[in-house]
Amino acid sequence: MTLSKPISDLLYRYQCVTIPGFGAFITNYRSAQHNAADHSFYPPSKQLTFNSQLVTNDGLLASYISECDGISFENAMDRIEEEIKLWKKEFSNNEEVILENVGSLSLNAEGNLLFTPTNSVNYLTASFGLSSFTSPAIKREVYKEEVEKLEKRVPVAITQERRSQPPYLRYAAIGLFLIGLGLGIKELNDYNKKQQQEIATQTQETVEDSIQTATFFDTAPMELPAISLNLTKAEIKKYFVVAGAFRVKNNATKKVNQLTAKGYEAELIGTNRFGLHQVSFAGFVDKDAALKALRSIRRNETRDAWLLVK
């Protein structure tokens, strides 16, 4: 199995997809583009880049592979590590690593990773169904010249009756229109004021009725017996040794039960920023105790455990 398909699937839903110990593919929103040279238009999309500095395992890729293939999180991590070994072998032979629908990876002369994204896939779901197109240029100057020629050949004629029409009739019509408009606005304002007064009167009557029907109690203070409370400051767990992160909550619950059967104080500690349900071996108030437990778990249980500080 290659990592091309799970990476491509996750890029539709997430901004960052990390390959543990190798790097991360990052998407950034890019607005619609217009190329003035060939009059082509491109819909909004996600611009895909690669950052070799982001190598921390966030559990997203391994959890997705585990869910799709029905295998454990640890087996999914083993598959990812085996795939990375194959990539590095191809790099040592000066070969490119091609990820279908994602792009290609290669090494330059200085040994740095170079990424060339594919242009055949748009990972922005909001642009689904939209494709690029080329529109012919609009020749405005040519149309303007044609209109000017038509105006010269077909002049506009003004009849004698229109010229002889007295101008004061037009002014009288405009004056009548303005007078009618003013009267209409005045009637509308009077109607709005009347409605506002009626609403205010009804509101006042409702408030008065409510006050009259209210029941008042004796204002003398009531004597209550004194209560003594012994309050102790609760110890809040801030440090958690994380066992894994799961897309499906039922899988996370199963993991908690497995760890509890082994004697760990396992629990669900919420979801991370990718919506994955995180499971811890145990939670600690003291940082030193948490680090001691982490070293023991990595030595005896799994090397993929890590410390989460809330």
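1. Helix axes are lines fitted to C-alpha atoms over the stretch in contact, and angles run from 0 to 180 degrees between N-to-C directions. This is a predicted model, in which local features need pLDDT of at least 70, side-chain atom pairs count only at pLDDT 80 or more, and totals for chains, interfaces and linings use all residues. Residues are numbered from 1 along each chain as its sequence is written, and side-chain values use heavy atoms, with hydrogens and water left out.

2. The axes of α2 and α3 come within 8 Å and cross at roughly 115°. That makes α2 roughly perpendicular to α3 (65 to 115 degrees). The crossing is right-handed, meaning that the near helix is turned clockwise from the far one by less than a right angle.

3. Contacts (heavy atoms within 4.5 Å) join Leu-61, Ala-62, Ser-63, Ile-65, Ser-66 and Asp-69 of α2 to Phe-73, Ala-76, Met-77, Arg-79 and Ile-80 of α3.

4. Helix α3 comprises the 20 residues 73-92; at 1.5 Å a residue it should span 28 Å, which agrees with the 29 Å between its end C-alpha atoms. The expected span is 1.5 Å times one less than the number of residues.

5. Asn-94, with a positive phi near 60°, follows the helix.

Terms used: Helices (H or I, at least four residues) and strands (E, at least two) are DSSP runs, numbered from the N terminus. Angles under 35 degrees count as roughly parallel, over 145 as roughly antiparallel, 65 to 115 as roughly perpendicular and the rest as oblique.
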